[in-house]
Amino acid sequence: MVDFDTDLFVIGGGSGGVRAARVAAGYGARVMIAEEYRIGGTCVIRGCVPKKLFVIGSHVLDEIEDAAGFGWTIRQVSFDWTTLIANKDKEIARLELAYTNNVEKSGVTIVKTRALLEDSHTVRLTTGEKVTAKYILIATGGAPNHGPAVPGIEHVISSNEAFHLKELPKRIVIQGGGYIALEFAGIFNGYGSDVTVIYRGENILRGFDEDVRKHVRAEMEKKGITIITGCTVAKVDKHGRDLTTHLSDGSSIASDQVLFAIGRHPNVAHLGLEAAGVAINPANCGIQVDDWSKTSVDNIYAVGDVTHRTNLTPVAIREGHAFADTVFGKRPVQVDHASIPSAVFSQPEVGTVGLTEEQARAQFGRVDIYKTDFRPIKATMSGRDTRVLMKLVVDGVSDRVLGCHIVGDNAAEIIQGIAIAVKMNATKVDFDATFAVHPTAAEELVTIRTPVATH
Ligand SMILES: Cc1cc2nc3c(=O)[nH]c(=O)nc-3n(C[C@H](O)[C@H](O)[C@H](O)COP(=O)(O)OP(=O)(O)OC[C@H]3O[C@@H](n4cnc5c(N)ncnc54)[C@H](O)[C@@H]3O)c2cc1C
């Protein structure tokens, strides 16, 4: 029998890697985890968590403005970017330490270095040390992808740098129409920057329900964000501290920062994948895996963004957990990737689960659409010009709710509950039989009686 240095070597200390390492150790496996940057990975260090903290802070000015309608007079409002960054950094450092402690407490050995595959059972660390492992888990995540290099690309920042800017930009150009681009657009707009979003497609939020895309765009524009679609950034010039972004339509925009959020690529480069025989999925350029997250090599698995399936933290965590259950817990678990709820923390927020109207119409014979678009109660007093969208996509034959799409305050919180119902195959009749919680925006989801369209 071959004697390995460890039972499991995990490459990458992010959402998926940490969960897998801890659960495997809980089953009694000897586990090592390598992290080249900071334990916690993208989500904790430069993704979901700092982003949400930024979003929360960027709502405050709206609250202050809305307060006037409720009788408040708030004088002398000021904002300090440096304080925001310092407090965010402190919280992220606290979380990193908590993650590190939890990993160590579970008996996992952390190596703070880059790791790559030497062969199917050997990992090489940048220290030169080699470790043999019975199983290897690749959980190296993804990284911002700037696309084909345009002249002046060196002046462009990604979401990584956006978390560490020394000053709040007075003007910022953001290229991208996906959730990260729009979240940063809302963040900077909320703190008072002049924001222009550039997106090459016809409309923002590609892949989301068409009504959601239109609604979010209209609401963002009402907040003063300029959205230019059908256009790309062709060149960025720098003169002193000022940047000029030249667009493909020949126009140009002056700004203090240019941020690209046009996609992320899986971290597969320089990992020794070829040496170990690990195949890449030609369809998405991530590591190819089967339903068990097993790669083309029997003892090597991959989870999370590096597989480029659904790039969300809860998915990476679930995949990491399922891997550990399957391989070390003698409890085979496959991850069901259907009906994954998600949110866009744009302003307004989006919460969505299940099929879009377009997807449902392509897959089902008869589809009923229930939809409402209304002024939220708060706006009646604050005077803010904003509307909420709620939409249910229903299978007209079985009555099953196939999708739910919400745009408005607390959409992310609301969709979490709705996601349970959708996952359980709830029908429209089940929704109708549920009592409303009054007065809320969410009660609309159980009180819309008549379809606005049947396809
Ligand atoms: C700005 C932003 C906002 C986001 N917001 C959300 C959100 O609101 N909700 C949500 O669900 N998801 C969000 N995500 C996505 C989420 O962060 C990822 O899906 C999740 O972190 C993936 O986890 P992972 O374990 O696959 O990879 P990661 O968390 O990226 O972890 C991979 C780790 O591997 C390390 N690593 C890479 N190569 C090596 C190597 N060779 N050796 C050692 N270490 C290595 C990296 O340093 C990293 O720490 C966001 C992402 C970004 C960028």
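Is lysine 105 buried or exposed? Lysine 105 is exposed, with a relative accessible area of 69%. Exposed means over 50%, buried under 20%, and partly exposed in between (1.4 Å probe, protein chains only).

This is a predicted model, where local features need pLDDT of at least 70, side-chain atom pairs count only at pLDDT 80 or more, and totals for chains, interfaces and linings use all residues. Residues are numbered from 1 along each chain as its sequence is written, and side-chain values use heavy atoms, without hydrogens and water.

**Surface patches**

Lysine 105 lies in helix 5 (residues 81-105). With Arg19, Arg22 and Arg318, Lys105 forms a positive surface patch. Patch residues have over 30% relative accessible area and no salt bridge; like charges are joined within 9 Å, nonpolar side chains within 5 Å. A salt bridge puts a side-chain nitrogen of Lys or Arg within 4 Å of a carboxyl oxygen of Asp or Glu.

A nonpolar surface patch covers about 600 Å². Its members are Leu61, Phe70, Trp72, Ile74, Val77 and Met381. Phenylalanine 70 sits in the loop between helix 4 (60-67) and helix 5.

| Residue | Relative accessible area | State |
|---|---|---|
| Lysine 105 | 69% | exposed |
| Phenylalanine 70 | 40% | partly exposed |

**A hairpin**

Strand 13 (residues 242-247) pairs with strand 14 in the antiparallel sense, over 4 bridges. Pairing needs at least two DSSP bridges. Threonine 245 stands opposite isoleucine 253 in strand 14. The hairpin has 4 residues between the strands, and glycine 250 takes a positive phi near 95°.

Side chains alternate along strand 14 (residues 252-255). Ile253 and Ser255 point to one face and are buried.

How values were computed: Accessible areas come from the Shrake-Rupley method with a 1.4 Å probe; for residues, only the protein chains shown count as cover. Lys and Arg count as positive and Asp and Glu as negative; His and the chain ends are not counted. The place of a charge is taken as NZ of Lys, CZ of Arg, CG of Asp or CD of Glu. Helices (H or I, at least four residues) and strands (E, at least two) are DSSP runs, numbered from the N terminus.
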